Amino acid sequence: MDCHFGFSLSSHPERNFKTRRDYTIASSEICRRCHFDKYVKTLESIHYTILSSGRLEAPVCIDCHGFHSIQSMGREKVLIAKRCERCHATIYETYIKSVHGKALIDERNQDVPVCIDCHTSHDIKDPLTTDYRERIPEICSRCHSEPSIMNKYGLSTDVVSTYLSDFHGITLSLYKKERKDKLQPSRPMAVCTDCHGTHDISRMGIDKTVIKKNLLKKCRSCHPDASENFPDAWVSHYGISPKKTPLLYAINQIYRILLPLVIAGLALQVVLHIWRYAVNR
Amino acid sequence: MEERIKKFSSFRICEHAIAMIVFFVLVFTGLPQKFYNLEISKAIINLFGGIDMMRFIHRNAGLFFCLQISVHIIYGAVTLYRGAEPVIFITKKDFKDAIHNLRYYLGFDAIPATTGLFTYRQKFEYWGVLTGSILMALTGLILRFPVTATDILPGILLPASKLIHTNHAIILVIIIIWHLYNSVFNPEVFPLNRSIFTGYVYKRV
């Protein structure tokens with residue numbers, strides 16, 4: 001009766017809807033009466049935008065949550081992915097083959113992200129906007145900078161911080177800041193997904209030649225003329241070390257010695273000179 | 001009595017004036033990129049209308065600086081070939097002068113070292129700036145044209161160039177600070193050693 005208000009044992013007024021879908025959409029207004037916060041969020045979602053443009057197949061509350069058999073969604077992550085699959089079947093197919101999806105299906109792993117972990121649930125935004133793109137490192141970092149999750153799988157927690165201190169990451173951070181100051185930097189910057197993929201994220205693998213070959217393809221999507229040497233410029237997410245990047249390590253060491261030497265030497269020159277000048281006077 | 005000696009030609013005076021401006025532009029647009037996390041850097045970047053504009057200025061000023069260095073080296077080589085005296089080259093005497101002056105500063109010697117047209121300090125400054133600039137130009141070019149550079153060079157030279165460029169920038173800035181001390185704030189020449197602007201130095205006779 002809380003949902004089907006207006007009806008009682010004595011009265012059962014007739015409601016007129018052109019189609020069954022019209023009735024479903026109208027019914028979702030009922031949920032608003034209790035779940036106002038969620039309802040407001042949906043108004044900001046891409047689904048609502050599509051719905052209000054007249055494409056009525058965009059989902060409303062009961063399309064995902066059901067109606068008479070509403071269950072808690074959080075118990076099994078796979079149930080969430082299954083809901084999205086009903087409309088986004090191709091993406092689901094890609095996802096279940098990815099490193100995240102495989103773990104979810106094969107191992108019932110609950111650490112992996114499902115659709116809503118990246119796209120959110122009620123206020124799902126258009127993922128093709130610049131705003132969404134620039135938030136991707138932050139989205140990935142929620143898990144990939146979290147030691148309690150990464151340690152279980154022997155994964156590095158430095159992947160996002162190393163990205164953010166590299167050219168693409170620095171530029172991205174500055175662009176984000178500039179947008180707040182109403183400047184409009186126009187170029188898209190490479191983020192996590194540009195190299196690792198989105199729904200088809202796979203394990204990095206061990207074979208270096210394969211990694212390099214794949215990487216070159218990714219590089220070329222922004223730097224079309226890049227040669228086979230180009231991917232070597234990316235020294236991976238592991239920072240500078242004597243074993244993996246001996247040249248960079250050597251340069252670092254040279255400047256670690258040279259910089260203080262130059263500063264101390266020249267400062268000494270100045271100090272001694274001033275001292276002599278003062279003594280002479 | 002003072003004797004007036006011509007030290008710098010008009011070409012060198014112009015060269016120095018241009019280098020001074022270009023160097024300042026490069027430092028002003030470069031350091032905020034190195035220290036991008038500082039608030040002051042962000043303010044300066046905004047002043048330029050964003051990082052893209054700042055990089056555009058830095059890169060083009062850098063290309064201009066490459067041109068200037070090339071002209072400087074070619075001009076120097078030609079004048080040397082034509083028989084000019086290599087007055088700016090470091091000799092044994094410069095090292096002796098440096099040690100002599102160190103002794104003088106510490107009170108072991110009564111008088112400072114005598115000098116030719118260029119003091120040992122000026123020579124060390126010059127070579128420090130020239131070699132540093134060449135290094136900055138080469139690494140800067142690699143960073144400016146990463147795709148073209150890796151057509152012929154190994155990819156690892158890109159992060160290597162970035163490391164050298166960003167570290168050597170600091171060394172150059174320190175040498176220039178030292179240069180500013182020697183030619184501006186040094187109590188013996190304060191408020192300014194004008195020779196690089198007038199072209200003349202004076203010798204006590």
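## Model and numbering

The model is predicted; local features need pLDDT of at least 70 and side-chain atom pairs pLDDT 80 or more, while totals for chains, interfaces and linings use all residues. Residues are numbered from 1 along each chain as its sequence is written, and chains are lettered from A and ligands numbered from 1 in the order in which they are written.

## Fold of chain B

Chain B contains eight helices and two strands (DSSP runs, H or I of at least four residues for helices and E of at least two for strands, numbered from the N terminus). Their order along the sequence is β-α-α-α-α-α-α-α-α-β.

Along the principal axes, the C-alpha atoms of chain B occupy a box of roughly 60 × 45 × 30 Å. Of the 205 residues in chain B, 21% are buried (20 or more other C-beta atoms within 10 Å of the residue's own, with C-beta atoms placed from the backbone). Taking contacts in chain B (C-beta atoms within 7 Å) between residues at least 6 apart in sequence, 72% join residues at least 24 apart.

## Contact between chains B and A

Chain B gives 31 residues to the contact and chain A gives 34 residues. On the side of chain B, the elements with two or more residues are helix 2 (39-47), helix 3 (51-81), helix 4 (92-106), helix 6 (146-152) and helix 7 (157-185). Helix 7 of chain B supplies the largest share, eleven residues.

By class, this side of chain B has 21 nonpolar, six polar and four charged residues. Nonpolar here covers Ala, Val, Leu, Ile, Met, Phe, Trp, Tyr, Cys and Pro; charged covers Asp, Glu, Lys and Arg; the others, Gly among them, count as polar.

## Domains of chain A

Chain A is divided into domain 1 (1-70), domain 2 (72-124), domain 3 (125-191) and domain 4 (241-268), with bounds from an automatic or database domain assignment. The centres of domain 1 and domain 3 of chain A, taken over C-alpha atoms, are 36 Å apart.

Definitions and conventions
Buried ≥ 20, exposed ≤ 12 C-beta atoms within 10 Å, placed from the backbone. Contact = placed C-beta atoms within 7 Å.
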